[in-house]
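Colleague: Could you walk me through one part of this model in some detail? I would like to understand how the chains meet.

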Amino acid sequence: MLDTVILIVFSMIGLSLLLNLWRLLIGPTVPDRILALDTMYINSIALIILFGIKMVSSLYFEAALLIAMLGFVSTVAVCKFLLRGDIIE
Amino acid sequence: MAEIIVSFLLLLGGSFILIGSIGLIRMPDFFMRLHGPTKATTLGMAGILIASIVYFSFIVEQPSVKEILITIFLLITAPISGYMLIKSAIHHRLESHEGTKGCDNIEED
Amino acid sequence: MRFQSRLSWLPTPFRSLLLFIVWLLLNNSYSVGHLILGAILAIAIPWLILPFREPQPLILRPWLAIRHMLLVLYDILTANIQVAFLILGPVKRLRPAFVKVPLDLTHEMPITILASTVSLTPGTVSAEVYPIPETLAPGELPEQRYLLIHVLDLKDEQELINTIKTRYEAPLKEIFQC
């Protein structure tokens, strides 16, 4: 049963990644695209954790933690750049 | 039993993540789009991470609770990145959906 | 509001506790070696970073803080289901709005926590704190601060403001005693 469920959830997250990609492509403004990118980061964490469950390995946890941190920092840095035209003043 | 709980949590998390992304596509303006990813996606992640904890602790029997770290981290950072995004949107004077009340509450910076 | 801890060797007790727990979670073990190393790091790191940081108010009512955290977690659950239905429902019937909430809190730290809770709970995202801190002269204190929030589906403005003030702001005032 679990294998089927994991497949279903894989396709759900894949579909939401595609939807995010669609929003990233059509925009229409820069903050929209950043929001789509930020959501893609979070969805890819979900994908990696799910892959860890499928492979029965907790090694992927570190990768997920790193992506969570880098995603947050890069979103904040890009927003700061939009706000001030500079990242470190 | 544990398998049923893991399946339920995984499905719950997956559907919340999907709903958040649907909100990103369906809503008409940026401020309304922000609601999906900041809330639904965070809960979806919590569902999947708790499912992972239950799976490794009760089915594989290698007790592991470190997924809680990612959950806490996302709960702390999701509002901050949402705040930064909406601040930059206001700075760029993005148009809000027609019929939005209280637009005069926004002050120029 | 109190900024100084009673224990001089532990300037920020709750941050030390958090660091200790994070260390144990990262290593995923509670063997004696990790307990000792975690305790040393949890005491040494706050000491090392103390000169870089402005003093922040301490949590004075820990039990109330834990109760408030559980309440917020429960609200996150219910609010998410509510927002999920709003997103899947008809878009035309949503009534988005910007609402200004007057704040009683004065320090930045409790305001940040309030803004984060508002972002995570019912259909609202906090947008801005007025007056904008960058426009104030250094050291100048504003008389009244406002929190600008964006609401996805506004029913009654006054009721929403009252909910935020009694449900989320009052416990924070109690926890930080300000």
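How many residues of chain B are in contact with chain A, and how many residues of chain A take part?

Modeller: Happy to, and please keep in mind that this is a predicted model. On the chain B side, 45 residues are in contact with chain A, and they meet 41 residues of chain A. Four helices of chain B each supply at least two residues of that side: helix 1 (2–26), helix 2 (30–33), helix 3 (35–59) and helix 4 (67–91). Helix 1 of chain B gives the most, with 14 residues. Sorted by class, the side of chain B that touches chain A has 25 nonpolar, 15 polar and five charged residues.

Now for a closer look at one helix pair there. The axes of helix 2 (residues 30–55) of chain A and helix 4 of chain B come within 10 Å and cross at roughly 170°. Because angles over 145 degrees count as roughly antiparallel, helix 2 of chain A is roughly antiparallel to helix 4 of chain B. From helix 2 of chain A, the contact is made by A:P31, A:I34, A:L35, A:D38, A:I42 and A:I45, and from helix 4 of chain B by B:I70, B:L74, B:S81, B:L85, B:S88 and B:A89. Nine residues of this helix contact are nonpolar, two are polar and one is charged.

Chain B also meets chain C, through 36 residues of chain B and 32 residues of chain C. Here helix 4 of chain B provides the largest share of the chain B side, eight residues. By class, that side has 19 nonpolar, ten polar and seven charged residues.

Note on methods
Residues are numbered from 1 along each chain as its sequence is written. Chains are lettered from A and ligands numbered from 1 in the order in which they are written. This is a predicted model: local features need pLDDT of at least 70, side-chain atom pairs count only at pLDDT 80 or more; totals for chains, interfaces and linings use all residues. Two residues are in contact if their C-beta atoms, placed from the backbone, lie within 7 Å. Ala, Val, Leu, Ile, Met, Phe, Trp, Tyr, Cys and Pro count as nonpolar, Asp, Glu, Lys and Arg as charged, and the others, Gly among them, as polar. Axes are lines fitted to C-alpha atoms, for helices over the stretch in contact, and angles run from 0 to 180 degrees between N-to-C directions. Angles under 35 degrees count as roughly parallel, over 145 as roughly antiparallel, 65 to 115 as roughly perpendicular and the rest as oblique.
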